[in-house]
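Welcome! Please open the structure in your viewer and keep the selection tool at hand. We will go from stop to stop together.

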Amino acid sequence: MAEHAPNAPGSVVSPTNHPPESEGGSHAIWVVLVLAVIGGVVGYLIYKHQKTPPPKTPPPVTISTTNAIKGNIDEFVEGLGTVTPVYTAMISPRVDGQLIKVSYVEGQMVTTNDLLVEIDPGPYQAMLTQAEGQLARDKAQLEGAKIDLDRFQEAFGKSYGTNLHAIPKQQVDDQQALVHQDEGTVKFDEGQVANAKVQLAYCFIHAPIAGRTGLRLVDPGNVVHAANTNAMVVVAQLQPITVIFTVDQKHLPDIQRQLKMGHQMKIEASNEDKTTNLATGTFLTLDNMIDIGTGTVRMKGLFENADTNLFPNQFVNAKLIVDTLSNVTLIPNAAIQRNPQGAFVYIVSSQEVTLTNQSGTVVTNLTKVAMREITVGVTDNNMTSIEGMEPGEVIATDNFNKLGDGMTVRVRQSGGEEPKGGAPGGRKKGGKKEKEKDKTQSDAS
């Protein structure tokens, strides 16, 4: 039996049962696999492309419209103002004494000469009586002096021979001087009586003006003094009343021109947020100089204030109507849009447009909008005067974020309802029929 020689070290023994595959056959298998994957991807993309529906035509934008009109609008200036009474009386005591009566109620409307406060009149009544007694006594002395003067003059007129009289001339002159002295005393006494009457009258304090009383500042039983400058009661006139407000100095020429022409300018006073018109008055006057710190000038308006809506020291917004523009084109403020080039509006065409949507439905009642530049004038409340369009033209008033020049739109009917025919396609959006149709189309797909 032959012995096999051992393999030499480092030699490789090839298996005898599995011959090695060729390199060309392995490369072909990989090429086939790659081509199969590429073909599958391409086929899937073609399938998805065929299933994707074509893009739908965007529906027309539904808008509200209004017409430009011809009318009048006020040209005005505004300023923050303060309600100021025409007269304000701060009533203080003019005599010393105890306050015994307060006749007014806090916040009461009083008229001229209504009794407000009473100070104890007793001491002043006594002073008056004393002065009247002094006057009566001095009047009696004056009458006696006059009687004696008449007697002396009569006696002096009797003569007994040449240069001889019953009494000397000096006695007559002295009596005449005594009469003049007594007359002065009586005059002084009359002044004392008048002063006592005035002091007594000061005990009864009456309203100097018609107006509204403030809160009570002193109670009965307190002693008041004439030297005390604190008011016992304050009366402010409410009817009429004034409003003092400031406007920019640039408006002064227009206001002065109206004053020179003799036009009576109207003023409207409204609350702080300008939602309520409180009163309407007339322009009264303006200040004599401009405030160099603010560049404004103060003006005053007079208001009848029949319903007392204006209250002293109340802050109001004053609108001075300087002039009225007549027969101008007016549009709502909401219709005016702005871009870097200026103000513009969307004009709604009067020509109807008909479209056919993807489903083949004819959409009617459509029109187009066009951008038009305008010049903005005076604004009052919700209307603005403009130039660049004629009265009667139709303009869009909403959905501006969806609008563009030349876009197709649907005009909303009055009341905010959709036009007849509903949304594009002639069906009501969200309706039962629409949902059923969408479901049918989905099942068919």
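In which helix do Lys169 and Asp173 both lie, and how many residues apart are they? Select the two: both belong to helix H3, 4 residues apart, which is about one turn of the helix. Keep in mind that you are looking at a predicted model. Now show the side chains, and you will find Lys169 and Asp173 meeting in a salt bridge, 2.8 Å from N to O. Lys169 counts as partly exposed because its relative accessibility is 42%, and Asp173, at 37%, is partly exposed too.

**Along helix H2**

Next, select residues 122–157, which make up helix H2. With 36 residues at 1.5 Å a residue, H2 should span 52 Å, and the 53 Å between its end C-alpha atoms agrees with that. Colour the buried residues of H2, among them Tyr124, Leu128, Asp138 and Ala155. What lies over them? Part of the cover for the buried residues of H2 comes from helix H3 (169–201).

**An open sheet**

Now bring up strands S8, S7, S5 and S10, which form an open sheet of 4 strands in that order, with antiparallel pairing. S8 (204–206) and S10 (223–224) are at the edges with a single partner strand each, so one side of each has no neighbour in the sheet. Zoom in on S5 (residues 97–102), which is joined to S10 by 2 bridges. Here Gln98 stands opposite Val223 in S10.

**A buried threonine**

Move on to Thr384 in strand S22 (residues 383–387). Is Thr384 buried or exposed? Its relative accessibility is 1%, so Thr384 counts as buried. Show what surrounds Thr384: the residues it touches include Ile73, Leu330, Ile336 and Val378. One more to pick out is Asn333, whose side chain is joined to that of Thr384 by a polar contact of 2.4 Å.

The whole structure holds 11 salt bridges. Select Arg372 and Glu393, whose closest N and O atoms are 2.9 Å apart in one of these pairs. Arg372 sits in strand S20 (residues 362–373) and Glu393 in the loop between S22 and strand S23 (394–396), so this pair ties together parts 21 residues apart in sequence.

Then try Asp398 and Arg412, which meet in a salt bridge of 3.0 Å, N to O. Asp398 is in the loop between S23 and strand S24 (408–411), while Arg412 is in the loop between S24 and helix H5 (432–444), so parts 14 residues apart in sequence are tied together.

For the last stop, select Glu268, Lys319 and Asp380, which are linked in a network of salt bridges.

Notes. Residues numbered from 1 in each chain as written. Predicted model: local features only at pLDDT ≥ 70, side-chain atom pairs only at ≥ 80, totals over all residues. Heavy atoms only, no water. Buried < 20%, exposed > 50% of the residue type's maximum accessible area, 1.4 Å probe, protein only. Polar contact = N/O pair within 3.5 Å; in protein donor to acceptor, adjacent residues only side chain to side chain. Contact = heavy atoms within 4.5 Å. Expected span 1.5 Å × (residues − 1). Pairing = 2+ DSSP bridges. Salt bridge = Lys/Arg side-chain N within 4 Å of Asp/Glu carboxyl O. Lists of a residue's contacts leave out its neighbours within four places in sequence.
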